[in-house]
Amino acid sequence: MATSRQSDIRIRTATAHDAAALVAAIDEVAREGRYLARSAFQQDPAVEAAHIELTTLHGGTVLVAEVEGQLAGWLTLQRDKTPYRRHVCLLGMGVLRPYRHRGLGKALLKEALRYAREARHIDRVELAVRATNLAAIGLYQSMGFAYEGRRIGAIRDDAGTYDDEILMAYHPAADE
């Protein structure tokens, strides 16, 4: 089990017991309409529990950040299932609004990148982030992610507003 501490932040590997709290957290961040490309609205905790299990089974990980025992954020490294892209993991993460700007995102990323460096055959970690999410882009750059491209107008919210998507990647071997 992965564990990391930064002041009152605890990072650990998620289990099926975290599924209901993860569904609620993803739903809460998705409802803000500013950060997540997908929504977990009405997601069944049993489906999330299966997702955690399958992600781990396929060589990825799901991490949760807790503050005072409460789920405050999450990060998923999901292994690409395409045979010629098995060396790639897709990163997705979120932090609940009351816990932002407290180092949770950085703590989650540190643990995920440690996992990627130590895991077998993870040579690349990819992510996509909204171009307007400057705080996240800055965090990713500070952790070693490189800009790889931009998808113009790739995101459209419920109000019909478009945003670009920034593509970034991290190469664990570069740290060795």
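**Exercise 1. In what order do the elements of the chain run from the N terminus on?**

Step 1: Know your model. This is a predicted model, in which local features need pLDDT of at least 70 and side-chain atom pairs count only at pLDDT 80 or more, while totals for chains, interfaces and linings use all residues. Residues are numbered from 1 along each chain as its sequence is written, and side-chain values use heavy atoms, leaving out hydrogens and water.

Step 2: Know the terms. Helices (H or I, at least four residues) and strands (E, at least two) are DSSP runs, numbered from the N terminus.

Step 3: Read off the order. The elements run β-β-α-α-β-β-β-α-β-α-β-β, which comprise four helices and eight strands.

**Exercise 2. Work out why β3 is described as largely enclosed by the rest of the structure.**

Step 1: Set the cut-offs. Buried means under 20% relative accessible area, exposed over 50%, and partly exposed in between (1.4 Å probe, protein chains only).

Step 2: Remember a general rule. In a regular strand, side chains alternate between the two faces of the sheet.

Step 3: Sort the residues. Thr61, Leu63, Ala65 and Val67 point one way from β3, Val62, Val64 and Glu66 point the other way, and all are buried.

Step 4: Conclude. Seven of the seven residues of β3 (residues 61-67) are buried, so the strand is largely enclosed by the rest of the structure.

**Exercise 3. Decide whether Glu48 is buried or exposed, and list what it touches.**

Step 1: Locate the residue. Glu48 lies in helix α2 (residues 45-57).

Step 2: Check its area. With a relative accessible area of 5%, Glu48 is buried.

Step 3: List the contacts (heavy atoms within 4.5 Å). Not counting residues up to four places away in sequence, Glu48 touches Ala19, Leu22, Val23, Ile26 and Gln43.
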